[in-house]
Amino acid sequence: MTQRTDVVVIGGGQSGLAAGYHLRRLGIEHVILDAETAPGGAWQHTWDSLRLFSPAQYSSLPGRLMPVQQGEPYPDAAQVVDYLTDYEKRYELPVRRGTRVEGVHRDGSGLRVETDSGPWTARAVIGATGTWTRPFLPAVPGRRDYRGRQLHTVQYRSPSDVTGQRVVVVGGGNSGAQIAADLAHAGIDLTWVTQRPPRYLADDIDGRALFDAATARRRALDEGRIDTGGVASLGDIVAVPPVRAARDAGLLNARPMFTRLTPTGVEWADGTRAEADSVIWCTGFRPALAPFASLRLRGTRGRIAVDGTRAADESRLHLLGYGNWTGPASATLIGVGRPARDAARAIAGLLA
Ligand code: FAD
């Protein structure tokens, strides 16, 4: 039997919850459908030692500050899961877990949302499916011939995954640096490889500055001023305490990107090689937009063209939390609040 509501939010991570908060404030009937069986979105699945690059006060959704842990400014993932669990309870957000959305289709004046537990119809849909379920691996020659183990950030949990192994970590962002530091502290035989030399933010700069830089960039572009360069102008890696400690101890010595994988390791352009039992690809993510493929919306680079958060070619669809293209710093805890508010307001206008 088809169920009806005004708005279906797809995804019950932080972005979906921020959407729910603002829809509720505006009195808009909605449901949040989430494929996970427990709260917390992607934060349930990250590696054990992950530290947020943003301190607790700068990692909050609208309405409720994330509690600060005594003596530890940077929360771990478990703390975020606790915070999100509490958040959805506190605001009585209507999350239906264990419900996977398979496709969104036009249906008269509304949208039909097909799920693995029956269809919904809605007058508008908010996509908040995140990126975690779409890990990206670059096309590097020899990847198929390599006989060792290949993991992506999403599969790595702790150094015990690779005890006694020779490991190559690929990636010069926060994930690559944190995982390389995790392995280095555990004494794993590590080769860290980055496309360009690692660029650490100054030790006293963290996620706060990233958020400010993303906002300043969007403002400059909106006002037709020169591109400030945004986050990229500051550096790639926040020196959270474990990363700083490993770097200062001389344990994080990055090598340039290799040119190919061999069956037993990696090889650089000058012919030098490193043998590797495992390669961990910390090479990022793509937006999880498969449920919207059926709408055939135009876009480039695996995205959907948007005007703010609204899909440019489908006014009943809003996208939240995928990156700067859906709002400055919208893929962060603190950054998703404003685009979520804008999306809820636009939908209120549409429903009126
Ligand atoms: P997710 O948390 O991925 O939630 C999406 C939800 O949608 C999931 O529950 C998923 O199961 C569900 N879903 C997906 N597809 C479907 C479907 N078809 N049907 C139903 N449900 C579906 N941000 C910060 O603010 N500070 C940090 O320090 C920070 N550190 C980060 C470190 C790492 C390693 C990563 C990867 C990200 C970090 N971020 C940080 C960025 C950001 O906060 C996260 O990426 C965040 O998880 C994005 O939230 P989301 O709700 O958009 O997506």
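Residues are numbered from 1 along each chain as its sequence is written. Because the model is predicted, local features need pLDDT of at least 70 and side-chain atom pairs count only at pLDDT 80 or more, while totals for chains, interfaces and linings use all residues, and side-chain values rest on heavy atoms, with hydrogens and water left out.

Start with the ligand. Around it sit 32 residues, the closest being S15, D34, F53, S54 and A331 (a residue counts as near if one of its heavy atoms lies within 4 Å). Sorted by class, this shell holds 16 nonpolar, 13 polar and 3 charged residues (Ala, Val, Leu, Ile, Met, Phe, Trp, Tyr, Cys and Pro are nonpolar; Asp, Glu, Lys and Arg are charged; the others, Gly among them, are polar).

Some polar contacts (pairs of N or O atoms within 3.5 Å) stand out here. A polar side-chain atom of S54 comes 2.8 Å from a ligand nitrogen. A backbone N or O atom of A42 is 2.9 Å from a ligand oxygen, and a polar backbone atom of L333 lies 2.9 Å from an oxygen atom of the ligand. On its own the ligand exposes 980 Å², and the protein buries 92% of that (Shrake-Rupley method, 1.4 Å probe).

Now the domains, whose bounds come from an automatic or database assignment. Domain 1 covers 3–134 + 285–351, and domain 2 covers 149–200 + 236–281. Their C-alpha centres are 31 Å apart. Where they touch (heavy atoms within 4.5 Å), domain 1 gives 13 residues and domain 2 gives 15.

Conventions: A polar contact is a pair of N or O atoms within 3.5 Å; within protein, one must be able to donate a hydrogen and the other to accept it, and residues adjacent in sequence count only if both atoms are side-chain atoms.
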